[in-house]
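Please keep the sequence and the model in view while reading.

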Amino acid sequence: MSTSSRLEHAFAQAPVLPFNMCSRYVLVSDCHRGVGTSSDNFLKNRHLYFAALEHYYRNGFTYIELGDGEELWENRNLRNIIEIHSDVYDLLSCFDSRNRLHLIYGNHDIIRKKNPAYHEALILRSEAFPERSLYLTHGHQASLLNSTFWRVARFLVRYFWNPLENLGFLDPTSAAKNYKVKEKCEEKLRRFAEENHYILITGHTHRPVMPEEPAYYYNTGSCVHPSCITCIEVERGQLTLVKWSMQARPDRILYVEREVIGGPIEIL
């Protein structure tokens, strides 16, 4: 199957959620929650993520995770991840209890597709302007290795590249860590969106994308940047790319800051 075929298949089965001027969604991707060891890339930003999550919960947002929520290529045991980050999962349960939680699986947590709560894609559909609906998926479908042959990729990461990364080497097959792979993946996703006139929002490459003018392709970025997390807010019919980071006041008190770094882009 081609990239286009894989994406078309994902959206053909995608659940549909309402998208209008009253909608409030936050789109988050690539948390890669691990088991709390030195290889747990989420650990350094866990407090930023939790502060952001509390903000979105208090302000009535629906949380949509666009895949790779857990790092299940490097780690085998989901229970250990949940125990280490229990505060995060408790808050996600609060979203879920109010029907404000929707989960998409990516390549690093693809085994979650067996769970009926997870989907390969979601569509935020505008009844008034159906051509401006939002198409959400992880984005790994742009890579044959990370989609069709994900078991091979998982084997290489788990037994080959993960140990080498601890010695300072970077995985050359990763869209998040290799510039050429990232560019190729984003170009495939952008081409699919433009050819189908879909407003496509993904993660996977870890690089946030928010054009200055309305476009067909956007990317949330990730929660494993060196000193921040990024996400896309959907509110009042607009898309806004935001960054959450730790800052210091003049009196040396640290605080978590929300900063708009892209948009808002008017969709509706």
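Axes are lines fitted to C-alpha atoms, for helices over the stretch in contact, and angles run from 0 to 180 degrees between N-to-C directions. Helices (H or I, at least four residues) and strands (E, at least two) are DSSP runs, numbered from the N terminus. With these terms, the axes of helix 1 (residues 3-12) and helix 6 (residues 179-196) come within 10 Å and cross at roughly 65°.

The model is predicted: local features need pLDDT of at least 70, side-chain atom pairs count only at pLDDT 80 or more, and totals for chains, interfaces and linings use all residues. Residues are numbered from 1 along each chain as its sequence is written, and side-chain values use heavy atoms, with hydrogens and water left out.

**Helix 1 and helix 6**

- The crossing of helix 1 and helix 6 is right-handed; a crossing has this name if the near helix is turned clockwise from the far one by less than a right angle, and is left-handed if anticlockwise.
- On the side of helix 1, the residues T3, S4, L7, E8 and F11 take part, and they meet K188, L189, F192 and N196 of helix 6, where contact means heavy atoms within 4.5 Å.
- By class, this contact holds four nonpolar, three polar and two charged residues; Ala, Val, Leu, Ile, Met, Phe, Trp, Tyr, Cys and Pro count as nonpolar, Asp, Glu, Lys and Arg as charged, and the others, Gly among them, as polar.

- Strands of a sheet pair through backbone hydrogen bonds, either parallel or antiparallel.
- Seven strands form an open sheet in the order 5-4-3-2-10-11-12, with mixed pairing; two strands pair if DSSP finds at least two bridges between them.
- Strand 5 (118-119) and strand 12 (254-266) stand at the edges with a single partner strand each, so one side of each has no neighbour in the sheet.
- Strand 3 (residues 62-66) and strand 4 (residues 101-104) run parallel and are joined by four bridges.
- Strand 10 and strand 11 pair in the antiparallel sense over eight bridges, and T230 stands opposite K243 in strand 11.
- The hairpin of strand 10 and strand 11 has two residues between the strands, and R236 takes a positive phi near 55° there.
- Strand 11 and strand 12 run antiparallel, joined by 10 bridges, with A248 opposite L254 in strand 12.
- Five residues lie between strand 11 and strand 12 in their hairpin, and R252 in the turn has a positive phi of about 75°.
- Helix 2 (residues 46-58) lies across strand 2 (24-28), strand 3, strand 10 (228-235), strand 11 (238-248) and strand 12, and runs at about 130° to strand 11.

- Five strands make up an open sheet in the order 1-6-7-8-9, with mixed pairing.
- Strand 1 (16-18) and strand 9 (217-219) are at its edges, each with a single partner strand, so one side of each is left without a neighbour in the sheet.
- From one strand to the next, the twist averages 25°.
- Three bridges link strand 7 (residues 134-137) and strand 8 (residues 199-202) in the parallel sense, and L136 stands opposite I201 in strand 8.
- Helix 6 packs on this sheet, touching strand 8 and strand 9, and its direction makes about 155° with that of strand 8.

**Two buried residues**

- Y63 lies in strand 3, opposite L101 in strand 4.
- Y63 counts as buried at 1% relative accessibility; buried means under 20% relative accessible area, exposed over 50%, and partly exposed in between (1.4 Å probe, protein chains only).
- Leaving aside neighbours within four places in sequence, Y63 is in contact with residues including V26, V28, Y49, L53, F95 and H102.
- G106, in the loop between strand 4 and strand 5, counts as buried at 0% relative accessibility.
- Beyond its neighbours within four places in sequence, G106 is in contact with G67, D68, H138 and H140.

**Cysteines**

- A disulfide is a pair of cysteine sulfur atoms within 2.5 Å, and by this rule the count comes to zero.
- The sulfur of C231 is 7.2 Å from the closest cysteine sulfur, in C223, which is too far for a bond.
- C231 counts as buried at 3% relative accessibility, whereas C22 is exposed, with a relative accessible area of 68%.
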